[in-house]
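Open the model in your viewer and keep the sequence panel beside it. The stops below say what to select and what is there.

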Amino acid sequence: MRLPDWPERMIEVIRAHERAPFEWGKSDCWCLAMDVVKAITGSDPYAHVRRYQTAAGSRRVMRTEGFASIGDALAAAFVEIPPVMAQRGDLGVVVVEGAEAVCICEGVLWVGKSPTGVVRFPRAHVARAFKV
């Protein structure tokens, strides 16, 4: 269930990540997405997995949790929907340089975090989507 002021809360989280430098386990694509989920719903189903400091560490934590991919982790906590049905605040998976990354639907564009900062891209890049 979404909180009454979730749109404002979501924007605040995205802005905070725009100002923060990229850092594994603190301000990366996963952290941005789960911070948005918490802003929208009041809870983060994966708060316990932010115990990594590198890309390899993030993959290791996901495997330890029993997930082969980011998409598998999202599917375990959220209902998968067709990407064309995604609404503001929903989550998506994109493939960047052969690796999955999680992103958030802002409306027309999707937003994610990369080592170069917050990035936005069109819906066509989203391979999987999940209802928040």
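## The largest pocket

This is a predicted model. Its largest pocket holds about 680 Å³ of space. To centre the view there, select Trp-24, Ile-70, Ala-99, Glu-100 and Ala-101, which lie nearest the centre of this pocket among its 29 lining residues. Next, colour the elements that each give two or more residues to the lining: helices H2 (29-41) and H3 (55-64), together with strands E2, E3 (99-105), E4 (109-114) and E5 (117-122). By residue class, the lining has 19 nonpolar, 4 polar and 6 charged members.

## Strand E6 and its partners

Select residues 126-131, which form strand E6.

## The cysteines

How many disulfides does a search of the whole structure find? The count is 0. Select Cys-29 and Cys-31: the sulfur of Cys-29 has its closest cysteine sulfur in Cys-31, but the two are 8.3 Å apart, so they are too far for a bond. A disulfide would need the sulfur atoms within 2.5 Å. Cys-29 is buried, at 10% relative accessible area.

Finish at Cys-103, also in no disulfide; its nearest cysteine sulfur belongs to Cys-105, 8.5 Å away. Is Cys-103 buried or exposed? Its relative accessibility is 0%, so Cys-103 counts as buried.

Key. Residues are numbered from 1 along each chain as its sequence is written. This is a predicted model: local features need pLDDT of at least 70, side-chain atom pairs count only at pLDDT 80 or more; totals for chains, interfaces and linings use all residues. Side-chain values use heavy atoms; hydrogens and water are left out. Two strands pair if DSSP finds at least two bridges between them. Helices (H or I, at least four residues) and strands (E, at least two) are DSSP runs, numbered from the N terminus. On a 1 Å grid over the protein atoms alone, a cavity is a set of points where a 1.4 Å probe fits but cannot get out, and a pocket is an open set with protein on both sides within 12 Å along at least five of seven lines; lining residues have an atom within 4 Å of a point. Grid points are joined across faces, edges and corners, and a volume is the space filled by probe spheres set on the points. Ala, Val, Leu, Ile, Met, Phe, Trp, Tyr, Cys and Pro count as nonpolar, Asp, Glu, Lys and Arg as charged, and the others, Gly among them, as polar. Buried means under 20% relative accessible area, exposed over 50%, partly exposed in between (1.4 Å probe, protein chains only).
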